[in-house]
Amino acid sequence: MTEEKRESKLLKILIPALCAFVLVACIIIFVLCLVPFEKTFQGEGYQITLNTKFTEKREANYLTTYHGKQLKVFFSKETFEEIKLYPERTDPENETREDFIAADLEVNGVSSEIYTDGNLMYYEYETVYKNKTYSYRAYVFKTNDAFWRVQFGCESSLKENLTKQIEQFARSIIIENVVF
């Protein structure tokens, strides 16, 4: 067999193999770009596991926020000293999470039931902004010096589809020095 025929035969084998390898590599890269993987975000006194589709953003009135395509997460913390600035709330150290939620609902003119899921306690409400209705689920935690609120918000039309994901994310929340 001549050298030219050997090279031709080798190319007939190598080119399809190389094309298959490149195709598989492209598929793997494509899938890795589309599939969100778990990602843990941390801040002073807290952490939450969301996914790689979320980015952290700073917004007024919140410790931090995390924005996904359809869902936003808002972290806020009210220290006992801040709560004491309200004349009717002189003893926040002895307030329960239920007390905090009831006061929060009253101040904001919202009505909601209080729900529990294991050690998690939350309430739900809706708001209208720029002619769109948004649904929120706010989880409340108490520590030795503050109440924390972690709110998940989305367009109301998406709430049903996102509920299981919200619950999964909420179960991943860790607040330092939490008191039950």
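## Contacts and overall make-up

Two residues are in contact when heavy atoms lie within 4.5 Å. Among contacts in the protein chain between residues at least 6 apart in sequence, those joining residues at least 24 apart make up 43%. Please keep in mind that this is a predicted model, where local features need pLDDT of at least 70 and side-chain atom pairs count only at pLDDT 80 or more, while totals for chains, interfaces and linings use all residues. Residues are numbered from 1 along each chain as its sequence is written, and side-chain values use heavy atoms, with hydrogens and water left out.

The protein chain has four helices and 11 strands; these are DSSP runs numbered from the N terminus, with helices being H or I of at least four residues and strands E of at least two. Of its 180 residues, 35% count as buried (under 20% relative accessible area, with exposed over 50% and partly exposed in between, for a 1.4 Å probe and protein chains only). The chain exposes about 11900 Å², of which carbon and sulfur atoms supply 55%; the areas come from the Shrake-Rupley method with a 1.4 Å probe, and for residues only the protein chains shown count as cover.

## Helix H3 and its cover

Let's turn to helix H3. Its 12 residues, 97-108, reach 16 Å from the first C-alpha to the last, close to the 16 Å expected at 1.5 Å a residue (1.5 Å times one less than the number of residues). Just after H3, Gly109 takes a positive phi of about 65°.

Which residues of H3 are buried? They are Arg97, Phe100, Ile101, Ala103, Asp104 and Leu105. Their cover includes helix H2 (80-83) along with strands S5 (72-79), S6 (114-117), S7 (120-129), S8 (132-143) and S9 (146-155).

## Aromatic pairs

Rings of Phe, Tyr and Trp (its six-membered ring) pair if their centres lie within 6.5 Å; planes under 30 degrees apart count as stacked, over 60 as edge-to-face and the rest as tilted. By this rule the count comes to 14 aromatic pairs. Phe74 and Tyr136 form a tilted pair, because their planes stand at 50°, with ring centres 6.3 Å apart. This pair links distant parts of the chain, with Phe74 in strand S5 and Tyr136 in strand S8, 62 residues apart. Phe74 counts as buried at 8% relative accessibility, and Tyr136 counts as buried at 18%.

Tyr136 also forms a stacked pair with Tyr125, at 5.1 Å centre to centre and 15° between the planes. Here Tyr125 sits in strand S7 and Tyr136 in strand S8, 11 residues apart. Tyr125 is buried too. Elsewhere, ring pairs link Phe41, Tyr46, Tyr66, Phe75 and Trp148 into a cluster.
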